[in-house]
Amino acid sequence: MMEILANFWAEFGVFAYPALFNIYFTVTALPAGFVLALLVAFGKNSRNPVVSKLCAGCIYAFRGSPLFIQLFMFYSIMLALNPVWWRPMGISWLMMHPLFIGPLVVVLNTTAYTAEIFYGALRTVPRGELEAARAYGMSSWQVFRTVTWPNTIRIAWPAYTNEVVFVFHCTALIYFTLPVIGDQKDIMSKARELFERDYNAVLHFSMAALWFLAISLVIFFVFGRIYERLMRHTSLETAKPKLRFGPKYLR
Amino acid sequence: MKKVIIAAAALAALSTAAQAQTVRVGTEGAYAPWNFVNDAGELAGYEIDLANAICEHVGLECEIVQNDWDSIIPNLLAGNYDVIMAGMSITEERMQTINFTQDYFPPDPSKFVAAAGADFDFDNLSGVRIAVQSNTIQAAYAQENFGADNTILSFATPDQTIADLAAGNVDLILADGSFLDPVVTNSGGAIAFVGPDVLIGGGVGGGVRKEDTELLATLDAALDALKADGTVDALRAQWFDGVEPAYTE
Amino acid sequence: MDATWLAQWVGEDIAFWLAYLTNGKHLQWYASFRFTIFAAVFGALLALGFGLLGAVLKSSRFAPLRLIGDAYTAMVRGIPDVLFFLFFPLAFEQSVEWVWSLHVCTPESIAASQAPWPPCREANWLLSTNEYLILACFSLGIVYGAFTANVIHGAMRAVPKGQLEAARAYGMSNLQVLLRIQVRQMWVYALPGISNVWMLLIKATSLLSLLQISDIVWWAGQLGAPNFLPQAGLVHGDWRWTYYIALFVFYILVTLISERVFRRLTVWARRGMPVEG
């Protein structure tokens, strides 16, 4: 019994370093994806039909195809561009690095999903509030800052939390598609490597699952706290929809 | 990961095949000219021909099973196939888990290739990006000798190393000479051999489970006979340009 | 393939490419779409089955069953689908081998076995592509069944209470109410969610190659890989990006078509119902 526990504990530690890579991919991809998504959502909401169609098309393409294919596709495209662009520009070391391409593809992917969330939320911003703000003589930036943005983010936050967890989970696919440098392996590829060594599927995969689960719970907790802050103006118990574990299951 | 895909159920030419015992041969199918999928969509190459020759000689039925390189030894042990013929070098480390037949390709030096015109100081190599296939003798060698000062990129298939070298994403590939020869020859001068040859590992042999001593003896006897009658050298000459006969006088 | 007669009609270049795109290797690629389609269809059917089961468990009045249902649906929120996808077939295979080994293994055969798994050679269960495909369908069914369970659970509660009460007033039993009213009516409310799960599921079918199934992604990599050996076929550089773009477009088209179909389905399911909003 003690031996099993000791084994388990040793195995737990093995995944700490690989977990950093999943966290790295998530943390680097999210901020860029967030900002881009906001722009694309406004683009899709734009009155200019060209901009609107373009943004809608991008969202559709990246939501309509698997990340697994996107990763393969982008690596091979970046590779094809390497001799003509990246090398002459001297940025090959950056552009071809898995730690760059991984987040890049995840950013494109999450931008599409997040933009759709923001787009949906944007359309629920009350017209009356917008009109009132304009009647006060606010500039369009002021309208955005005081009316559009607070409304959008509050509506979008639960769905966005969900998206963040999805992003964290989809980082598991990255090292199935990109070359591995040295011992830079994420949780999934580490689990697979260990499995191929001793065929102990239950131990390795359940430990990997445990790590994913634990970090997902941390994400839910942190984002739940932020949500409480966002909703702090609403009356305490009544109006506040509580952010539960997995409020929205679909991506 | 276990799997049996019969990409090409290569039958021995024996008409009694129906009663014959089947030997399943595991191969990677992505390592030209050793074993690969040709444009007709069939497994082909030196080892496929050799496997069929062996089976014909001993009157067994051959079934070629394609399996990814990374899991090729675990799946042999698990029993998904009986012999590995996948350009696998005979090494001490592998000998601890599996047995090897006698070599059917003599020790073949590993070589470096780079884009034509590139030059490296191999005595103190540093800051260079070296591509290898993961879980190969070259991967271990590169990690041990160059890992400290250089970047080692490991790829799942050998094709990917070539693609990345051609696109300038890596500076060097370390791989078997026999695999790199046709690449250099047919690259139109874009890819060239550089640096010293490195002798890692022994010749290439078939890998069998340790308990299958009978099969090992059968295969060794068959290889003896096929080497003596010149079949092995003829096949080598057919698939590898400019190799010297190694097993016949 | 002899394409000289074709060349007279369409010119050398086009004839060459047509011949190239229909060589044996490409034909195998086209044929491998069957794995993807099979996995999508049967994965979806199983997901629907698991989803119904999960939803029934979730709305059970018996607390332990409810707990199982909740745990099942919550699990997919914390663990990536790819992990299940790899783990389930392996775990299933190993448990079968373990049970089998209790019957067939002797201490001697266990001692003789070199491999860490299975316990002895006789207990090895050899899986081929077909078995892996079926197991892959089950993994898809389990993972996306959890999503479906949530959708169906929500939809069942969306059925207007009045209808259920009316049914009970007609003297229907609880089971009759469940089957004839609740399950029948809920499809309308569940369809948007189910369409969403279907979109996720078809995207997950791209992962088949991780189970060593030679699916469309595996063949795309094989076809695009640079070839320098004339004996192996056309000598070419790295063409993988073209094949991956083709797959990218393929999946977008499938999404597009699915969306159309589900829109039709929704219109059909809502027939006779009052227009909302």
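At what angle do helix H11 and helix H12 of chain C pack, and how far apart are their axes? In this predicted model, helix H11 covers residues 216–224 of chain C and helix H12 covers residues 240–269 of chain C. The angle between them is about 155 degrees, and their axes lie 7 Å apart. Angles over 145 degrees count as roughly antiparallel, and H11(C) and H12(C) are therefore roughly antiparallel to each other. The crossing in which H11(C) passes H12(C) is right-handed.

From H11(C), the contact takes in C:Ile216, C:Val217, C:Ala220, C:Gly221, C:Leu223 and C:Gly224. H12(C) contributes C:Arg240, C:Thr242, C:Tyr243, C:Tyr244 and C:Leu247. By class, seven residues of this contact are nonpolar, three are polar and one is charged.

Chain B can be followed through its domains. The domain assignment gives domain 1 of chain B as 5–106 + 202–239, and domain 2 of chain B as 110–198. Taken over C-alpha atoms, the centres of these two domains are separated by 27 Å. Where they touch, nine residues of domain 1 of chain B are in contact with 11 residues of domain 2 of chain B. The side belonging to domain 1 of chain B has five nonpolar, three polar and one charged residues.

Chain B also has an open sheet of three strands in the order E3-E4-E5, with antiparallel pairing. Strand E3 (30–31) and strand E5 (43–44) of chain B are the edge strands, each pairing on one side only. Two bridges join E3(B) to strand E4 (residues 35–37) of chain B in the antiparallel sense. B:Ala30 has B:Phe36 in E4(B) as its bridge partner.

How values were computed:
Residues numbered from 1 in each chain as written. Chains lettered and ligands numbered in written order. Predicted model: local features only at pLDDT ≥ 70, side-chain atom pairs only at ≥ 80, totals over all residues. Axes fitted to C-alpha atoms, helices over the stretch in contact; angles between N-to-C directions. Helix = DSSP H or I, 4+ residues; strand = E, 2+ residues; numbered from the N terminus. Parallel < 35°, antiparallel > 145°, perpendicular 65-115°, else oblique. Left-handed = near helix turned anticlockwise from the far one by under 90°. Contact = placed C-beta atoms within 7 Å. Nonpolar A, V, L, I, M, F, W, Y, C, P; charged D, E, K, R; others polar. Domains from an automatic or database assignment. Pairing = 2+ DSSP bridges.
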